[in-house]
Amino acid sequence: MAFRAVHAEWGTVFAHLPDLGCGRRWEAVWKTRPPAPLACDECGHAMYAKTSRTGLRFFAHAPGAPACSLALESAAHHLLKLELATAARDAGAHAELEARGLDGNWRADVLATDPPNSSTHP
């Protein structure tokens, strides 16, 4: 389970954002035929969009995926990441799930940063 995947044409997409972070609707990747061209940015394996029984949207590795740190995380861990990102956004910060460092040597579960104009706010 992951909240982030890479679309072959649109770049990084986020299951938890209403517009996937690229101006597209969930239906553009969920239950499409042929399947949307999604891959894990961690291991590169194919992914597909899913919705849980409770309505939670996420991405899952297609069968045959290699050992991937995202695939090994528990559902509770993923839900905590989503809760933290939501709280950061509600507090006015920008929050990104599973954000990679520019050099690719690290990945933050949740990376929260001040809004661009934070110096103008008290």
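Student: With which residue does arginine 100 form a salt bridge?

Tutor: Side chains of opposite charge can pair when their charged atoms come close. A salt bridge here is a side-chain nitrogen of Lys or Arg within 4 Å of a carboxyl oxygen of Asp or Glu. Arginine 100 pairs in this way with glutamate 42, and their closest N and O atoms are 3.5 Å apart. The two partners belong to distant parts of the chain: arginine 100 is in strand β6 (residues 94-100), glutamate 42 is in the loop between β3 and β4, and 58 residues separate them. Strands are DSSP runs of E with at least two residues, and helices are runs of H or I with at least four, numbered from the N terminus.

Before we continue, please note that this is a predicted model, in which local features need pLDDT of at least 70 and side-chain atom pairs count only at pLDDT 80 or more, while totals for chains, interfaces and linings use all residues. Residues are numbered from 1 along each chain as its sequence is written, and side-chain values use heavy atoms, with hydrogens and water left out.

Student: Which other arginine forms a salt bridge with glutamate 42?

Tutor: Arginine 107 does, its closest N and O atoms lying 3.1 Å apart. Arginine 107 is in strand β7 (residues 107-113) and glutamate 42 in the loop between β3 and β4, so the pair ties together parts 65 residues apart in sequence. A network of salt bridges links Glu42, Arg100, Arg107 and Asp109.

Student: How many salt bridges are found in the whole structure?

Tutor: The search finds 6. One of them joins arginine 4 to aspartate 41, with the closest N and O atoms 2.9 Å apart. Arginine 4 is buried at 8% relative accessible area, and aspartate 41 is buried at 18%.

Student: How many aromatic pairs does the structure hold?

Tutor: Rings of Phe, Tyr and Trp (its six-membered ring) pair if their centres lie within 6.5 Å; planes under 30 degrees apart are stacked, over 60 edge-to-face, and the rest tilted. The structure holds 1 such pair. The ring centres of tryptophan 26 and phenylalanine 59 are 5.6 Å apart and their planes meet at 50 degrees, so the pair is tilted. Both tryptophan 26 and phenylalanine 59 are buried.

Definitions and conventions. Buried < 20%, exposed > 50% of the residue type's maximum accessible area, 1.4 Å probe, protein only.
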